[in-house]
Amino acid sequence: MKPLFRYFLILALGWQSCAPSYYQAGQMAYTRYDIKPGKKDSSVQQLMAPYAQQINSTMTAVIGELTSTLEKKQSDNTLGYFMTDAFLSESKKVFQQPVDIALMNFGGIRSPAMQKGNITVGTIYELMPFDNLMVLVTMSGTELQQLLNHVAGRGGWPISGGSYNIQNKQAVDVRIADAALQPNKQYTVALSDYVANGGDDCSMLTKLKQINKGYLQRDALIDYVKSLTAAGKKLDIPAGKRVNIL
Amino acid sequence: MNRRHFLTQSTLAAGSLLLPNWSMAEDNATQQLVILHTNDVHSRIDPFPMDGGRNQGLGGVASRAAVINEIRSQHEHVLLLDAGDIFQGTPYFNLYKGEPEIKAMAAMQYDACTMGNHDFDAGLDNFATQLQHAAFPVLVSNYDFTGTAMEYKALPYKIFKKGRLKIGVFGVGIELEGLVPENLYGKTIYQDPIVKANETADLLKRKEKCDMIICLSHLGYDYRGSKKVSDKILAAETQYIDLIIGGHTHTFMAEPELVKNKQGSDVLINQVGFGGLILGRLDYVFSDTNKKKFFGSKSISIAKKTDI
C-alpha cells in the first residue's frame, strides 16, 4: 500500500467514527416498583442511623389517647376539628386574649386520618409537619365573610368556635359562638402565618394586621393533647357537623 | 438490507406494540437507557409508620436504594432523577433541615433533581447550604436566582452522556407567589415555564443535538378546566421535549401518559405519587437515525407495563 493511500484510508475511517450520529427513541417499556419492606441497602441504612436514633427517641413518646379515629374529609373533617379546637384553646392561653374562631387550611392537614389509641409526638408531626406559626388576625364581619367565601370556593376548611354551610361555592348561615355573623362586628381569628401571609391564595388577608408570638401550630397541638392528659381526659371530638355542603 | 434489519425498521416505524428485543447486543445502531425517577419524597427517610394507614411499612430510603442498586447491577446506562419536594413532611426535616434527605440522595447517586415549592420551606439559604451534601445538580430553568444564595448553585440544564447518547435534562418550577411565603423565596423571580422550557429544549436539541430531552417539572400533572400551567399544558405547548417527569400534585399514574406536543410529536408524562412509595422506571431503546428525522416529528411505542 502506498503511504499516501494509507494516509487517506486512515483519514476516511477516522472521519466515519467522528461523524455526528443521531439517535431516536422508538420504544419504551414501563416498570412501576412499589417500595416494599424487604431487602435494604446497609450503607444507606448506616448513613441514616444517627439521625434515626435521635428521631425515634423523640417521636415515640406517648402524650395522650384518642377515643375514636379522626378523618380528613371535606364536609365533616373530624381531624380538622381537633386541630382547630387545639388552635382556639391554646391561642387564648398563649396570646392571653379572647379569640373567636380558628380555621385550618385543608391542604395543611398532612395525614389522611389519626387512628384511635395512643397519641405520640410522632403522630402530631405526621399531621402537622410544617413549622407554621400561630397568628391572630382581627377583622370585620364583612372581611370574615369574604375569607369564608374564599374558603368555601376551595371546598371548605374546618373551623372551631363557629359553623357555616357551603352553597354555590359561597359560605352561608355563618354562625360565630352560636350567633349569626354581624358585618360590623370585629372578630379575632387564629390562623397559620402561611394563610395570613396570603398562602392558598388568601391575598385578602395580607393587608390585615397580625399578632405573632413565634408559637408553632404544631406545639399548640402537642400542648392541647398534653393538657387533656394532665386533666385526666382523653381526646374526644363531639359529634356534629360544623361545615355542611348544601 | 437484510430481512431482520428491515423488520426492526418497519416495526419501529409502525409504532408496533411488539416487545423490544432486549437480548439484542447493544451496538452503535441501537442504544439503551434506563431512567429511574421519584418525586415529592417529602423527607420520607424511614418507611411510613405502622399506624394502620394504607401506606404503613412502605417506602424508605434503604429499601429504595436496594432496588436501585439491583437495577444498576444489570444495566450500564442509568439516569436517576427527582422532580422536587425533597423536603418537608417528617420530623427529619424539622430537626435536620434536609441534611439526611440530601445525603441519602447522594448515596443513591441521583444524577439530578429540580426544586419544589417545599424545598424553600426552611428558606432558600438553607436549601443552598444543604446542597454541600449533594453530588448532583439542581436544575431549574425558570427561576432567576440572581442575588440569592442559589445564584451559582442551580443550573438551567445539564447534558448527560450515556454510551453514544446525549441526554439533555432541564427543570421547571411552579409559581411561587401565593404558594410559598415571600420571606422564604426572597429575590427569586419566577419566569413563564412554557417560554423557558421552549428556549431550553430548543437549545438542547438544535445547538447541543441531544438525542433525548427530559424535563423535570414541579408544575403539577393537570388542573382540569383551569388555565393554570400544568405538565399537560407544558407538553402541548412546547417542542423537542421527549419526557416530562412530574411532581407537586402527588399523582399516582398507572403508567406514563402519551400526549402530543405542538409539533405533533409524542411526549410522555409520568409521576409516581409521593413519599418514595414508588420508583418509576422507563426503559428506552434508541436507534440511529438521520439528521432530517432527528429534528422531525417522532412517535414512540409503549412496549409493556410491569408492576413490581
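Predicted model: local features only at pLDDT ≥ 70, side-chain atom pairs only at ≥ 80, totals over all residues.
Residues are numbered from 1 along each chain as its sequence is written, chains are lettered from A and ligands numbered from 1 in the order in which they are written, and side-chain values use heavy atoms, with hydrogens and water left out.

**View 1. Chain B as a whole.** Chain B contains 9 helices and 15 strands, where helices (H or I, at least four residues) and strands (E, at least two) are DSSP runs numbered from the N terminus. The radius of gyration of chain B is 19 Å, close to the 19 Å that the globule rule gives for 308 residues, so chain B is as compact as a globular protein of that length; the radius is taken over C-alpha atoms, and the rule is 2.2 Å times the number of residues to the power 0.38. Taken along the principal axes, the box filled by the C-alpha atoms of chain B is roughly 65 × 40 × 40 Å. Of its 308 residues, 57% count as buried, a term that means under 20% relative accessible area, with exposed meaning over 50% and partly exposed in between (1.4 Å probe, protein chains only). Among contacts (heavy atoms within 4.5 Å) in chain B between residues at least 6 apart in sequence, 76% join residues at least 24 apart.

View 2. In strand S13 (residues 266-270) of chain B, 5 of the 5 residues are buried, so the strand is largely enclosed by the rest of the structure. In a regular strand the side chains alternate between the two faces of the sheet. Asp266(B), Leu268(B) and Asn270(B) are buried on one side of S13(B), and Val267(B) and Ile269(B) are buried on the other. Two strands are said to pair if DSSP finds at least two bridges between them. Strand S11 (residues 243-245) of chain B pairs with S13(B) in the parallel sense over 3 bridges, and Ile245(B) has Asn270(B) as its bridge partner. Strand S12 (residues 257-260) of chain B pairs with S13(B) in the antiparallel sense over 4 bridges. The hairpin of S12(B) and S13(B) has 5 residues between the strands, and there Gly264(B) takes a positive phi near 90 degrees.

**View 3. Strand S1 of chain B between two partners.** For strand S1 (residues 30-38) of chain B, 9 of the 9 residues are buried, so this strand too is largely enclosed by the rest of the structure. S1(B) pairs with strand S14 (residues 278-289) of chain B in the antiparallel sense over 8 bridges, with Leu36(B) opposite Arg281(B). S1(B) is also joined to S2(B) by 5 bridges, and these two strands run parallel, with His37(B) standing opposite Leu81(B).

**View 4. Two loop residues with positive phi.** Most residues other than glycine have a negative phi, and most peptide bonds are trans. Asp85(B), although not a glycine, has a positive phi of about 60 degrees, and its place is in the loop between strand S2 (78-82) and helix H3 (91-96) of chain B. Asp85(B) counts as buried, at 1% relative accessibility. Lys209(B), also not a glycine, has a positive phi of about 55 degrees and lies in the loop between helix H7 (193-207) and strand S10 (212-217) of chain B. Lys209(B) is partly exposed, with a relative accessible area of 31%.

**View 5. A five-stranded sheet in chain A.** In chain A, 5 strands form an open sheet of mixed pairing in the order S8-S4-S12-S7-S13. Strand S8 (159-160) and strand S13 (210-216) of chain A stand at the edges with a single partner strand each, so one side of each is left without a neighbour in the sheet. Strand S4 (residues 101-103) of chain A pairs with S8(A) in the antiparallel sense over 2 bridges, and Ala102(A) stands opposite Ser160(A). Leu133(A) lies in strand S7 (residues 133-140) of chain A, and its contacts beyond its neighbours within four places in sequence include Leu191(A), Asn212(A) and Tyr215(A).
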